[in-house]
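Open the model in your viewer and keep the selection tool at hand. The stops below say what to select next and what is there.

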Amino acid sequence: RQGVCITGREPDRFARFLTAAEPLGDAWRRVLQLAQRWRTAGLLHDGIAELWLEPGAASTPTAALTLDDLTPTVLVVLRGAGRQRSLEIARAFIEAVLGDTSAELDGVLSRCAHACPEPARISRIGAALGQASPSLHVHVSELPLRALPGYLSRIGWSGDRKEFEALATIQLDYADTLTLRLEFAAGRIVRLGLDCAFSEIQGLGLRRRPLLERLTALGLGSPENADTFERWPGTVTPLNRQPPWPADLIVQGLTRPESELGV
């Protein structure tokens with residue numbers, strides 16, 4: 001997984017990297033088109049804070065792996081905005097990566113946005129490319145717990161809303177905020193999930209472990225996975241990195257003041 005932020009002219013470097021990799025297949029050309037629009041003034045430049053890529057294997061890789069051996073799923077984090085502004089940014093993203101403003105896709109986005117009670121909004125939008133029918137990912141943030149069942153009903157989810165609300169309540173017993181994750185295919189919800197987050201990093205381990213234990217007790221995880229998750233966070237520096245620090249990061253580090261170290 002690779003993240004690109006709006007700061008530090010990262011969109012420019014990302015677009016140059018993709019341009020240097022041409023010729024590109026259709027999926028990666030769409031990512032390049034998004035990067036080029038993001039780097040220049042306009043709705044996407046003003047509205048997207050971060051871009052995340054998650055490549056998946058498309059075919060048996062060749063000896064010299066290329067981007068076209070991978071299928072990209074691209075997800076963008078929208079800057080804080082109201083419900084209508086977030087919808088406009090989401091539409092611009094879909095037009096850039098899918099070249100599609102079909103009634104079906106616009107209907108999905110409109111349904112997700114207009115069902116939001118204040119202050120809820122679309123906070124992230126993504127698409128799995130390189131497929132015959134790309135799936136659409138919509139994340140909704142700041143959705144009050146009491147409004148969750150009604151929201152799921154308005155967007156057309158036919159599952160057990162009370163059970164889902166109970167799971168959300170359990171997560172909020174430990175965490176501070178929830179984000180609803182929706183995946184659509186052919187205009188239908190095919191997957192539903194929850195992200196939980198903590199407002200304060202200090203003392204995070206003491207708060208996170210009880211949540212992992214509760215989810216494990218509910219059969220939603222395993223003790224082994226919880227232990228692995230707990231060991232994952234860390235800091236990598238040029239001194240403890242194996243293999244060596246990437247050349248691009250070394251160049252960036254040399255341009256920093258003496259008092260700063262890239263990590």
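Select A186 to begin: A186 lies in the loop between β6 (177-185) and β7 (188-197). Helices (H or I, at least four residues) and strands (E, at least two) are DSSP runs, numbered from the N terminus. A186 is exposed, at a relative accessible area of 63%; buried means under 20% relative accessible area, exposed over 50%, and partly exposed in between (1.4 Å probe, protein chains only). The phi of A186 is near 55 degrees, a positive value in a residue other than glycine. Most residues other than glycine have a negative phi, and most peptide bonds are trans.

This is a predicted model, in which local features need pLDDT of at least 70 and side-chain atom pairs count only at pLDDT 80 or more, while totals for chains, interfaces and linings use all residues. Residues are numbered from 1 along each chain as its sequence is written, and side-chain values use heavy atoms, with hydrogens and water left out.

Next, select R9, in the loop between β1 and α1. R9 also has a positive phi, near 55 degrees, and is not a glycine. With 61% relative accessibility, R9 counts as exposed.

Move on to helix α1 (residues 10-20) and pick out its buried residues: P11, D12, F14, A15 and L18. Why are they on the same side of α1? They cover an arc of only 165 degrees around the axis, which puts them there; the arc is that of the directions from the helix axis to the C-beta atoms. An α-helix has 3.6 residues a turn, so residues three or four places apart point the same way. Contact means heavy atoms within 4.5 Å.

Now go to the loop between α1 and α2, where A21 is found. A21 counts as partly exposed, at 31% relative accessibility. P23 is in the loop between α1 and α2 as well, and a cis peptide bond joins E22 and P23, with omega about 10 degrees. For another cis peptide bond, select Q242 and P243, where omega is about 5 degrees. P243 sits in the loop between α9 and α10 (247-254).

Select helix α4 (residues 83-98) together with helix α5 (residues 103-114): their axes come within 10 Å and cross at roughly 155 degrees. Axes are lines fitted to C-alpha atoms, for helices over the stretch in contact, and angles run from 0 to 180 degrees between N-to-C directions. α4 and α5 are therefore roughly antiparallel to each other (angles under 35 degrees count as roughly parallel, over 145 as roughly antiparallel, 65 to 115 as roughly perpendicular and the rest as oblique). The contact is made by residues including L87, A90 and I94 of α4 and L105, L109 and A113 of α5.

Then show helix α8 (residues 204-217) and helix α9 (residues 223-231), which pack at an angle of about 160 degrees with their axes 9 Å apart. α8 and α9 are therefore roughly antiparallel to each other too. Among the residues making the contact are R208 and L212 of α8 and A226 and F229 of α9.

Finish at Q171, in helix α7 (residues 161-172). Is Q171 buried or exposed? Q171 is buried, with a relative accessible area of 7%. Not counting residues up to four places away in sequence, Q171 touches L178, L194, C196 and L211.
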